[in-house]
Amino acid sequence: MARIANARSSPRRGSLARREELAFYLFASPWLIGFIIWIAGPMVISLLLSFADYDIITPPSFSGLDNYVQLLTNDDLVWQSLKVTGLYSLGAIPLGLITAFVLALLMNQKVRGIAGFRTIYYMPAVIAGVPVALLWMWILNPDFGILNNALAFVGITGPKWLFSESWVIPAFVLMSLWTIGAPMIIYLAGLQGIPQHLYEAAELDGAGPWSKFTHVTIPMITPIIFFNAIIGVIGSFQIFTPAYVMTNGGPANASLFYGLYLYNNAFRYFKMGYASALAWLMFFIILALSLLVVRSSPYWVYYEGGRGDGGI
Amino acid sequence: MATDVSTAPATGAVRLLGRKSVRHSVQIGVSAVIIAIGAIVTLIPLAWMLSTSVKSNGEVFLVPIRWIPSKIVLSTYVQATQTIPFLIYAVNSAHITLLVVIGTVVSSSLVAFAFARLRARGRDLMFLALLSTMMLPAEVTLVPTYLIFKALGWVDTYNPLIVPSYFADAFSVFLLRQFYMTIPLELDDAAKIDGSGYTGIYWRIILPLSKPALATVAIFAFFNSWNSFEGPLIYLNTMTKYTIPVGLNFFLTEHGSTPWNQMMAASVMAMIPCLIVFFFAQRTFIQGTVLTGLKG
């Protein structure tokens, strides 16, 4: 910014600065225009719609706070979908985090053939979407699926998984663990980025392996854990494909993820206003949770060179 | 935990070093075993999918399961392409994905150049806005975007899936901008002395030096578009316009008793392009993942 001010103070460079500014707007125009058409505009429309009833056929009619009152006080499915999303997050995020982190720690120990293992662990993350959902439906099939057959092999009668109200969320959590390759690679890179001299200094101070782990590794890696935790929360609220394909919210709404409920309101019941209100509720929940994580971060996140700015 | 032999003081007593390295190699051995078991567990679902895809109708429902079918039936793959018009879906998916990849790379690289190299008032504020859109859940804009496309008469066309990619993607812009910033400014100055304008710098300096980053953006755009489900599900109504993911879901809902062998065969075929790209561009892909994850 200071440089721009300088440039403007001299008249000859002033025209150059203007040319540069013009070039900036030309180069940035795809995003600037896109921001207006795909982000800012829709956000305004969405906000307006959330105070209206709109079924696509008849014109929207203003309904005040009705949608918000309805979703907060008179719609059990909102609470059900929040419960489903919350329970899933409580299972999938910590479990995924720990598993990915432990795997990264193990792989950081100069084990031979790391590149090959990395490829294998990463592979499931590449083939996301419907094929993976279909594959897991088949794996979790109570009678012919491989999971219950493996359990039967050790004498356990497996649950009905996707067909059971109490096991459908654990089934989704299990499935999510299959794709921890991406966070694992991020942790691994983080571990490899920890300067060796920190470990050497700790050793000079007489630190053992455990103490080096808790005083060097953990503090250096917390910003990445922090980033992954936020991404995990946002991701849980947006789960759609597996829920839609595998269970469509069932049985008895036991896997009605928030993203699916929102989709149903918009594109199955054509309640566009209500779906917009649901979207804004989701927006504020994600914002609140992210802020909570960011605000609590000084207590557990270590940023080199003082406090960071929250991950950007 | 993450002890390293090289960190042991070189002056340390030989006895101490010996004990330490024995413990160290045991530790590595145990880690290697755990990693290998984990890798096998990771591969089992894929093996199970391949195994199912070449089973006869009868053998699919055999308990206890048979890993290697008594007869390998490759015709399930042919049947799968007949039960659903898989080839048409594949062409549709390829068509959309190709145009999305081009759109994302071209538009994002232009925008990233603006943010990395050109000064303008309010640029930092705009970049902050760009970053915050990465955190904005797509659901917030889902309904209005649908209404806009409906008003344009674009429902049941590919436009809603393709056109937005020509307006730059925040994640790609961020990734490319970080990369452009590592290119020395002296190169720009040299080009300026040679009479290049901003377009010349972009075209002759930045783009040629950014091939790895551009490849990363292209690959991510490819995976996202190829695997995307919700968009095509919302916008495409005509069966012959479906993409592979929507077609696979149709496969599931339209058949009373699921032909799992065909379903798995179709899933394998759907995954093949991703796996091929992944194996050839693995390093690029993994580096991209790391770059976006480590920005904290």
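Figure 1. Chain B has a radius of gyration, taken over C-alpha atoms, of 26 Å, whereas a compact globule of 296 residues would have one near 19 Å, by a rule of 2.2 Å times the number of residues to the power 0.38. Along the principal axes, the C-alpha atoms of chain B fill a box of roughly 80 × 70 × 35 Å. Chain B holds 15 helices and zero strands, where helices (H or I, at least four residues) and strands (E, at least two) are DSSP runs numbered from the N terminus. Residues are numbered from 1 along each chain as its sequence is written, and chains are lettered from A and ligands numbered from 1 in the order in which they are written. Because this is a predicted model, local features need pLDDT of at least 70 and side-chain atom pairs count only at pLDDT 80 or more, while totals for chains, interfaces and linings use all residues.

**Figure 2. The two domains of chain B.** An automatic or database domain assignment gives domain 1 (5–53) and domain 2 (77–293) in chain B. The centres of these two domains of chain B, taken over C-alpha atoms, are separated by 37 Å. Four residues of domain 1 of chain B are in contact with six residues of domain 2 of chain B, a contact being a pair of residues whose C-beta atoms, placed from the backbone, lie within 7 Å.

**Figure 3. The surroundings of B:Thr76.** B:Thr76 has its place in helix 3 (residues 75–83) of chain B. B:Thr76 counts as buried because it has 26 C-beta neighbours inside 10 Å; the term buried requires 20 or more other C-beta atoms within 10 Å of a residue's own, exposed means 12 or fewer, and partly exposed lies in between, with C-beta atoms placed from the backbone. Apart from neighbours within four places in sequence, B:Thr76 is in contact with B:Ser53, B:Val54, B:Asn261, B:Gln262 and B:Ala265.

**Figure 4. Helix 9 of chain A.** Helix 9 (residues 181–192) of chain A has 12 residues and reaches 16 Å from its first C-alpha to its last, close to the 16 Å expected, the expected span being 1.5 Å times one less than the number of residues. Since 10 of its 12 residues are buried, helix 9 of chain A is largely enclosed by the rest of the structure. Among these buried residues are A:Pro183, A:Met184, A:Tyr187 and A:Leu191.

**Figure 5. The contact between chain A and chain B.** This contact takes 90 residues from chain A and 78 residues from chain B. Helix 2 (residues 11–49) of chain A supplies 19 residues, the largest share of the side of chain A that touches chain B.

Definitions and conventions: Two residues are in contact if their C-beta atoms, placed from the backbone, lie within 7 Å.
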